[in-house]
Amino acid sequence: SLFLTPDQSALKTRARALAEHVARPSAAQTDRTEEYPLDVVASLSEAGFMGMSVPEDLAGQGATCFDVALVVEEFARCCGVSGRIVVEGNMGAVGAIIAYGTPEQRETAARYVLSGDKPAICITEPGAGSAATEMTTTAERKGDSWVLNGSKHWITGGGVSRLHLIFARVMEGGVFKGIGGFMAYLGETGLIIGAREPTMGLRGIPETAVHFDNLVLPLDRLITPPEGIKRGFSGLMNAYNAQRVGAATVALGIAQGAFEAACAHVKKREQFGRPIAEFQGLQWMLADMSIQIDAARMMIWRAAKSADHEPSGFPDPMLAAQAKVFASEMAVKVTNDALQLHGASGYSRNTPVERMVRDARMFTIGGGTAQMLRNLVAGKVLDMKTPQTRGGYARAGD
Ligand code: FAD
C-alpha cells in the first residue's frame, strides 16, 4: 500500500483473516439474538486485539491509534458490533484511564481490557445529552469515600461491561469542584443496571440506563487529569477524540462491507438480459460510493496519525471531528445506496445489507452528534467560541 508500512499491512491482513473467520459468520445471528458476542470477544482477546493500545510496560503492545483503526475497519467490514468492541477495548474509557490514571488505576484498566472487557463510559443523562456538562449525577466526598448518586442512560455495554468510567459532579463540603471521572465495577453495591434500549442497529451490544444509588467508592477511584478537577472534564474528554476516530472507522468499515456486497451483487444479478453492472447509472453510483469511502478513510487515517504528534497523545480534536462527521454521513448514504443496488433482496433480512444500513445509522448521533461536531469545527474555523446556552454570552469571558 501507498501508506502502510509492511508491519501495518501484515496487521491489516491478520485482522481481515480473523474477522472473516469469526466475525462475519456470526454477524447475522448476533443481530437477530441481540446477544453480546462473547465468542468473538474471546477470539479478539486471543489475537491480541483487545488492549492492543495498552503500553508495553502494562503488558500491552503499545499500538498506535492508526494501528487500532486498521483493525477496527476490518472487523466492522464484517460485523459492526465486533468493530465497536475493538474500539472500546482500546480507546475511550481505557485510553483516558491509561493517560491520566495513577499507576494502580492504569494497571487495573489494562488488566480489564487485556482480559477481554469492553469498558463502559458513563456520561449521558436523560437531561444532559449534547449539553453533557449539565449532568446532575453527583459524587460527594464523605470521609474516606466518594458517594455517587444519579442516573445515566444510553450506556453502551450496560450489564456486560465490567469496568465503568463514570462522570459526575465532584462535591466537597457542599462545594462543586468540577466534573470528575470515577472507576467502578459491575456488581458493586449501588451500581444498578437499568432498562435496555431496543435499538435500531448494532443490536449485539446493549445500551442501558445505569443508576447510582449511594454507590460508595474509595477515594482512589477518582481519575485526576493534569489540568486538575476544575478543568478535568475537558482533559478526560481529550481521550474521547480517539473514540471518535474509532467510531468513524466503524462507520467506514460498515460502508466498505456494504459497498463490496453491492459490487458483487450487480455483477451477478441479470435483468434485461445483461448483468445490471452494465447500466451506467449504477456504475456511477458505485464510483461515487468508492470515492466517498476513500475520502473518509484518508480523513480517518490523517486524524489517527495526528495522535502521534499531539502532546496529549490523542488525535487532534478538529481532525477527529471532521473525520467523524464525514465518515458517519458517508456511511448512511453508502449503505443505503448499497441496499438500493440490491433491489428487493437488499430489503430482506436474509441478506446483510439491511443490517448494515441499520448499524451505520447511529454514528451521526453517538459520541457527539454531527451537529455538535460541526459546532466544534466551526469554532476552530472561525477561532470563535459561540456559547450554546441563552445566558452564555453574559458569562462568556469568565
Ligand atoms: P440531544 O442533545 O437531545 O440532541 C437532539 C438533536 O438536537 C440532535 O440532532 C443534536 O445534534 C441537536 N442539538 C442539540 N444541541 C445542539 C446545538 N447546540 N447545536 C446544534 N444542534 C444541537 N453516552 C454515553 O455516555 N455513553 C455511551 O456509551 C453512549 N453510547 C451510545 C450509544 C448509542 C447507540 C447512542 C445512540 C448514543 C450513545 N450515547 C452514549 C449517548 C450519546 O452520546 C448522546 O445520544 C449524544 O450525545 C446526543 O445526546 P441526545 O441523544 O440527548 O440528543
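This is a predicted model: local features need pLDDT of at least 70, side-chain atom pairs count only at pLDDT 80 or more; totals for chains, interfaces and linings use all residues.
Which residues are buried in α6? In helix α6, the buried residues are Arg-106, Ala-109, Ala-110, Tyr-112, Val-113 and Leu-114. The cover over these buried residues includes α5 (93-100) and β4 (163-172). After α6 comes Gly-116, with a positive phi near 100°.

Just after α13, Asp-383 adopts a positive phi of about 50°.

Next, the packing of α1 and α2. Helix α1 (residues 6-33) packs against helix α2 (residues 38-46) at an angle of about 170°, and 10 Å separates their axes. The two helices are therefore roughly antiparallel. On the α1 side the contact is made by Leu-18, Val-22, Ala-23 and Ser-26, and on the α2 side by Asp-39, Val-40 and Ser-43. By class, this contact has 4 nonpolar, 2 polar and 1 charged residues.

Finally, the core. The largest nonpolar core has 118 residues, and those with the most contacts inside it are Ala-251, Ala-255, Ile-300 and Ala-327. Helix α8 (residues 240-268) provides the largest share of this core, 15 residues. Setting aside residues up to four places away in sequence, Ala-251 touches Ala-327, Ser-328, Ala-331, Ala-360 and Phe-363. In soluble globular proteins, nonpolar side chains tend to be buried together.

Definitions and conventions:
Residues are numbered from 1 along each chain as its sequence is written. A nonpolar core is a set of buried Ala, Val, Leu, Ile, Met, Phe, Trp, Tyr and Cys residues joined through C-beta atoms within 7 Å. A residue is buried if 20 or more other C-beta atoms lie within 10 Å of its own, exposed if 12 or fewer, and partly exposed in between; C-beta atoms are placed from the backbone. Helices (H or I, at least four residues) and strands (E, at least two) are DSSP runs, numbered from the N terminus. Two residues are in contact if their C-beta atoms, placed from the backbone, lie within 7 Å. Axes are lines fitted to C-alpha atoms, for helices over the stretch in contact, and angles run from 0 to 180 degrees between N-to-C directions. Angles under 35 degrees count as roughly parallel, over 145 as roughly antiparallel, 65 to 115 as roughly perpendicular and the rest as oblique. Ala, Val, Leu, Ile, Met, Phe, Trp, Tyr, Cys and Pro count as nonpolar, Asp, Glu, Lys and Arg as charged, and the others, Gly among them, as polar.
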